[in-house]
Structure formats: structure tokens, C-alpha cells
Amino acid sequence: THIGVLFAANLTAVLMAGAGFVAGVLYSGIGFFADLFGRGLNWGTALAFGALVGMPLLFAVFGFVAGAIGALVYNIFAGWFGGIEIEMVFTQ
């Protein structure tokens with residue numbers, strides 16, 4: 001009938017940090033190749049490091065906030081309309 005707000009926020013933060021790491025790896029690869037081929041202002045290495053550290057942190061912070069807000073909104077609506085109904089069927 002309710003979701004723990006802190007649990008949902010922490011879980012969402014961890015999942016989003018993982019997504020941020022994947023995004024950081026992709027972004028740092030772009031920065032690496034930009035430096036390698038001489039395009040841009042040769043900031044690729046700094047951007048790559050910033051992406052690998054900053055994007056997971058940024059994604060985690062926004063994930064934490066979004067998870068907390070989502071759990072709060074769910075708890076409000078679950079109080080009004082009831083929780084999620086799940087039907088489990090086991091077959092052998």
C-alpha cells in the first residue's frame with residue numbers, strides 16, 4: 001500500500017548512477033577521439049575525466065530526487081485509490 005521513500009530514492013540513485021557511468025563512458029570516448037583527430041580545442045581529456053566522474057554523480061543526484069518524488073506521489077495516490085494489484089499465477 002506504500003513505498004518507502006528513502007528506499008525508492010536510494011534505489012533510483014544507484015540505477016541512475018549506473019546509467020550515468022555508461023553515458024560518461026560514451027561521452028569520454030567522443031572526447032578522446034576529438035583529441036586524437038585534432039578537432040576542437042583539445043579539451044577532450046578534461047571533458048573525458050569530467051564525464052566519467054561528473055555524469056554518474058549528476059545522474060545519481062537527479063535519480064535520488066526523482067525517486068523520492070515518485071515514491072511520494074505514489075504513496076499519495078495509493079492512499080486515495082489503493083495500491084497496485086498484482087496477480088501471480090504459478091504453473092508446474
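**Aromatic pairs and their surroundings**

Reply: Phe77 and Trp80 are 3 residues apart in helix α2 (residues 44–81), so about one helical turn separates them. Helices (H or I, at least four residues) and strands (E, at least two) are DSSP runs, numbered from the N terminus. The model is predicted: local features need pLDDT of at least 70, side-chain atom pairs count only at pLDDT 80 or more, and totals for chains, interfaces and linings use all residues. Residues are numbered from 1 along each chain as its sequence is written, and side-chain values use heavy atoms, with hydrogens and water left out.

Me: Why is the pair of Phe77 and Trp80 called edge-to-face?

Reply: Rings of Phe, Tyr and Trp (its six-membered ring) pair if their centres lie within 6.5 Å; planes under 30 degrees apart count as stacked, over 60 as edge-to-face and the rest as tilted. The structure holds 3 aromatic pairs. For Phe77 and Trp80 the centres are 5.3 Å apart and the planes stand at 75°, so the pair is edge-to-face.

Me: What makes Phe77 partly exposed, and why does Trp80 count as exposed?

Reply: Buried means under 20% relative accessible area, exposed over 50%, and partly exposed in between (1.4 Å probe, protein chains only). Phe77 has a relative accessible area of 40%, so the residue is partly exposed. Trp80 reaches 61% relative accessibility and therefore counts as exposed.

Me: What kind of aromatic pair do Phe77 and Phe81 form?

Reply: The pair of Phe77 and Phe81 is stacked, with 6.1 Å centre to centre and 10° between the planes. These two residues are 4 apart in helix α2, so about one helical turn separates them. Phe81 has 65% relative accessibility and therefore counts as exposed. Ring pairs link Phe77, Trp80 and Phe81 into a cluster.

Me: How do you know that the protein chain is more spread out than a compact globule?

Reply: The chain has 2 helices and 0 strands. Its radius of gyration is 20 Å, well over the 12 Å that the globule rule gives for 92 residues, so the chain is more spread out than a compact globule. The radius is taken over C-alpha atoms, and the rule is 2.2 Å times the number of residues to the power 0.38. Along the principal axes, the C-alpha atoms fill a box of roughly 60 × 35 × 15 Å. Of the 92 residues, 18% count as buried.

Me: Why is Ser28 called buried, and which residues is Ser28 in contact with?

Reply: Ser28 has a relative accessible area of 10%, and is therefore buried. Its place is in helix α1 (residues 5–36). Contact means heavy atoms within 4.5 Å. Leaving aside neighbours within four places in sequence, Ser28 is in contact with Ala48, Ala51 and Leu52.

Me: What makes His2 exposed, and where is His2 found?

Reply: His2 has 60% relative accessibility, so the residue counts as exposed. His2 is found in the segment before α1. Not counting residues up to four places away in sequence, His2 touches Tyr74 and Asn75. His2 and Gly31 are 29 residues apart in sequence and 44 Å apart in space, C-alpha to C-alpha.
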